[in-house]
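Welcome! Here is a short tour for someone meeting this structure for the first time. Have a look at it below, and then we will walk through it topic by topic.

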Amino acid sequence: MSIIPGETIAAIATAIVPQQGSIGIVRLSGTLALAIARTVFYAPGKQAWETHRILYGYIRHPQSGQLIDEALLLLMLAPRSYTKEDVIEFHCHGGIIPVQQVLQLCLENGARLAQPGEFTLRAFLNGRLDLTQAESVAELVNSQSVQASQIALAGLQGKLAHPIRQLRSNCLDILAEVEARIDFEEDLPPLNEDEIKQHLAAVLIEVNQILATADRGELLRSGLKVAIVGRPNVGKSSLLNAWSRSDRAIVTDLPGTTRDVVESQLVVGGIPIQVLDTAGIRETDDRVEKIGVERSRHAAEAADLILLTIDAQTGWTPEDEQIYQQVKHRPLILVINKTDLQEAKSVNYPSDITSVVETVAAKNEGIDQLEKIILNSVQSGHLTVTNLEIAINQRQAAALTQASLSLQQVQETINNQLPLDFWTIDLRSAIQALGEITGEEVTESVLDRIFSRFCLGK
């Protein structure tokens, strides 16, 4: 992403929903932001154009005088703004037409359309945010649960950057001690190897502790994909409806009603969960149902967790066994549904199935127990989701992994009694990797990759 210093950018900063949005915001940042605002915005009376003031007025075409919208204008002048540049926001009436007209007017008067994430990129380049905080902005916008948003907010407040900077500073101190002995060996006392080892061990422990939050962070950000699979008419759609407290899936007594994968979004114990209700898996000559069955198999393969649902009336059938053989390599919970009916049987299922829950989906019974078992299965996978204050993303995990390997290599170099010059090679590698996390050492291609995932007005 090529940034020209001082160039003024503009973008719509709010989601625009036709005939539904009440407010739409157009944002400007750069040296011409204030001049463009003065050109297109008329503030009646004696309102002061001062920083951090809100002006009331009208947006109109500077040449024709045509009125575009009645709006509010927010002034945030450098350096007290999100980008540390002059930032102007037009708060217009919502909807597509007003905000697009205002944006077009800004572009005609000297601004250019911002690239995805360019406002936050400027905040990073101008020193207002480090790279962990910039990434936290995107994570906060995209968070799917309260806990995910709290972790993103902690990152935005610098709670990840602070320990990373401290670790990098400790590595720099160790490197300085080693290099001083290389350059001024005769003038300084011998290097205390035991002390260096202790410092390295302490840094490595903390690096690995932060690295351990990667899986938990990914779980909170992306959530679990859970597929409900089973024979036709065992109550899969009823289970989805009871769990999501909605009527997302059609429920009838006819087998094969669900012909496609139906999705619902839930949050359980702070974890976003995408629930997939799949078509009943069976052999069929119906071409449409056959497509649905094939999609069900694909959904099961892509899921993080399978809810194999069976009917307590019929018990474990050869068809259930056939489906089980297809999905048993995935994490699995057996859901025995319709246990309230008089014809319900004591079900004999394979002994290697250890997670089982009984439900009466039509009456919303057993859902709480199902959620507990899902959370327990998450916990047993060492993905603890409680009491998390920080959690790194995949990019940060890759950099921390490199830092950990480099620090381990330094320890091995010391143990092998290699010269001090060899120590410095891996120390520098660890320092660079830690610097990549906060942005103190980062390439333009990495910045492009990070900020291209932002929305346009952020």
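Let us begin with Phe41, which is buried at a relative accessible area of 4%; buried means under 20% relative accessible area, exposed over 50% and partly exposed in between, with a 1.4 Å probe and protein chains only. This is a predicted model, in which local features need pLDDT of at least 70 and side-chain atom pairs count only at pLDDT 80 or more, while totals for chains, interfaces and linings use all residues. Residues are numbered from 1 along each chain as its sequence is written, and side-chain values use heavy atoms, with hydrogens and water left out.

**Aromatic rings and charges**

- Trp49 also counts as buried, at 19% relative accessibility.
- Across the whole structure, a search finds 5 aromatic pairs; rings of Phe, Tyr and Trp (its six-membered ring) pair if their centres lie within 6.5 Å, and planes under 30 degrees apart count as stacked, over 60 as edge-to-face and the rest as tilted.
- The ring centres of Phe41 and Trp49 are 6.2 Å apart with planes at 75 degrees, so this pair is edge-to-face.
- Trp316 and Tyr324 are both buried.
- Arg60 lies over the face of Tyr42, at 4.5 Å from the ring centre; a charge sits over a ring if NZ of Lys or CZ of Arg is within 6 Å of the ring centre and within 35 degrees of the ring normal.
- Arg27 lies over the face of Phe119, at 5.6 Å from the ring centre.

**The sheet**

- An open sheet of 7 strands has the order 3-4-5-6-2-1-7, with mixed pairing; strands (E, at least two residues) and helices (H or I, at least four) are DSSP runs numbered from the N terminus, and two strands pair if DSSP finds at least two bridges between them.
- Strand 3 (41-42) and strand 7 (112-113) stand at the edges with a single partner strand each, so one side of each has no neighbour in the sheet.
- Strand 1 (residues 9-12) pairs with strand 2 (residues 23-29) in the antiparallel sense over 4 bridges, and Ala10 stands opposite Leu28 in strand 2.
- Strand 2 and strand 6 run antiparallel and are joined by 7 bridges, with Gly24 opposite Cys92 in strand 6.
- Strand 5 (residues 67-76) runs antiparallel to strand 6, with 5 bridges between them; here Leu75 stands opposite Ile88.
- Strand 6 (residues 87-93) is mostly covered, with 6 of its 7 residues buried.

**Cores and an enclosed helix**

- The largest nonpolar core has 32 residues, and those with the most contacts inside it are Leu200, Ile210, Ile392, Leu400, Leu407 and Leu434; a nonpolar core is a set of buried Ala, Val, Leu, Ile, Met, Phe, Trp, Tyr and Cys residues joined through side-chain atoms within 4.5 Å.
- Helix 6 (161-183), helix 7 (193-211), helix 13 (394-415) and helix 14 (420-438) are the elements that give two or more residues to this core.
- A second, separate core of 26 residues includes Leu28, Cys92, Leu105 and Ala111.
- How many residues of helix 9 (residues 236-244) are buried? The count is 9 of the 9, so helix 9 is largely enclosed by the rest of the structure.
- Just after helix 9, Arg245 takes a positive phi of about 55 degrees.
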